[in-house]
Amino acid sequence: MNRSSHGLAASTICAAAIGCVPTRNSSGSGTPTRKGSVIAVAIKEVWIPSPHYSSPQSYMVAAFHTTEGAMKYRDLGAWFQNPSAQCSSHHGADNYERGVFGAYVYEDKKAWTQAGANPWTLSIELCAYASWSRSTWLNSKSILVDNAAEWLNYICDKYHIPFTLLNNSQAQSGTVKGVCQHVNFGSMGSGHHDCGDGFPIDVVLDKAKKWGSGGSQPAPEGSSLMSASVAIYQGKQYFAYLNGAGTVCVNGGAVDPSQKGASSGCDIAIDQETGRKVVSYSNGDRIFCTYTQEPGSNSWAWTSKKWTTK
Ligand SMILES: [Zn+2]
């Protein structure tokens, strides 16, 4: 047992399932409901609401954790839904699904992940062990490393958090914006040591920076993975993806039959007011390109942004 900065006991009843997660340090209950419709989100979320959250917070710190147990974000979400869990996080990611994130607590609520530091921290649980070596992370957990980077890019862009690694006192201050791991919160964060010495946070930061802000989805890795996205407009679903020839397709048809060999992508966004559709991808020369379809038109206009992508 230890005590959070709020003076409430934080036990570790989560330990069996997810060792790093301390219990709540402030009151709150009830299952949140999804607000509004979520269209063309910057990350793809699977909503698995947890009842374990509390009052609004500030957005100073993006923090990484390792689950020390659950190896899939869906299993983690199931645990967070357990009334006895008394813990949660905003997001979760695993090494099985690239570009998909479990979402457990609204970002404008406080997740119960790092005890006294909860009020100013947005958190993600990586389905991983703190005992993994750097080589394990980089050589056999690259999907999870990329997911971590994509999440960091999303959070830092959305909340204007710099890609700056915080030291312990900065992380614990609640007044300095930046990036840290659970271990940086020290005793106020229940004294956990995740994500471990092997966690390649330098690589995660580098990737998050390179992917920039508000741009295209980073390319998935792994031959069995598909890169695709979906947007909804006036009740209809629009799917964008690359076919086997690397041609950008939307809802089963090639956007531009003369185009092929894309290296990554694609992503689709639809302006909810005008219906303007924008599909982005990286071409064979790894240049960021878009196709745009104006409202009422059946044709797509191609542009190259001339930006080099991953
Ligand atoms: Zn943790």
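Two strands count as paired here if DSSP finds at least two bridges between them, and strand β6 (residues 91-93) and strand β7, joined by 2 bridges, run antiparallel. The legends below describe close-up views of a predicted model.

**View A. The chain as a whole.** The chain has 310 residues, of which 44% are buried, and its secondary structure comes to 5 helices and 18 strands.

**View B. Strand β7 with its partners β3 and β6.** Strand β3 (residues 44-47) is joined to strand β7 (residues 100-103) by 4 bridges, and these two strands run parallel; within this pairing, Trp47 stands opposite Ala103 of β7. On the antiparallel pairing of β6 with β7, Gly92 is found opposite Gly102 of β7. The strands β6 and β7 form a hairpin with 6 residues between them, and in its turn Gly99 has a positive phi of about 80°.

**View C. The buried side of helix α1.** In helix α1 (residues 73-81), the buried residues are Tyr73, Leu76, Gly77, Trp79 and Phe80. Around the helix axis they cover an arc of only 160°, which puts them on the same side of α1.

**View D. The largest nonpolar core and a second one.** The largest nonpolar core contains 51 residues, and those that touch the most other members are Val61, Ala62, Ala93, Leu126, Ala148, Trp151 and Leu152. At least two residues of this core come from each of β5 (61-66), α1, β7, β9, α3 (142-159), β10 (178-181) and α5 (201-210), with α3 giving the largest share, 9 residues. Leaving aside residues up to four places away in sequence, Ala148 touches Phe64, Ala93, Leu126 and Val204. Another core, of 16 residues, lies apart from the largest one and includes Leu242, Val255, Val279 and Tyr291.

**View E. The open sheet β11-β12-β13-β14.** Four strands with antiparallel pairing make up an open sheet, in the order β11-β12-β13-β14. At its edges stand β11 (228-233) and β14 (253-254), each with a single partner strand, so one side of each is left without a neighbour in the sheet. Strand β13 (residues 248-250) is joined to β14 by 2 bridges, and the two run antiparallel; Cys249 has Ala254 of β14 as its bridge partner. The C-alpha atoms of Ile232 and Ala269 are separated by 8.7 Å, although the two residues are 37 residues apart along the chain.

**View F. Strands β17 and β18.** Strand β17 (residues 287-293) pairs with β18 in the antiparallel sense over 5 bridges, and Tyr291 stands opposite Trp302 of β18. Of the 8 residues in strand β18 (residues 301-308), the number buried is 0, so this strand lies largely in the open. Tyr291, by contrast, is among the 16 residues of the core that lies apart from the largest one.

Technical notes. Residues are numbered from 1 along each chain as its sequence is written. This is a predicted model: local features need pLDDT of at least 70, side-chain atom pairs count only at pLDDT 80 or more; totals for chains, interfaces and linings use all residues. A residue is buried if 20 or more other C-beta atoms lie within 10 Å of its own, exposed if 12 or fewer, and partly exposed in between; C-beta atoms are placed from the backbone. The arc is that of the directions from the helix axis to the C-beta atoms. A nonpolar core is a set of buried Ala, Val, Leu, Ile, Met, Phe, Trp, Tyr and Cys residues joined through C-beta atoms within 7 Å. Two residues are in contact if their C-beta atoms, placed from the backbone, lie within 7 Å.
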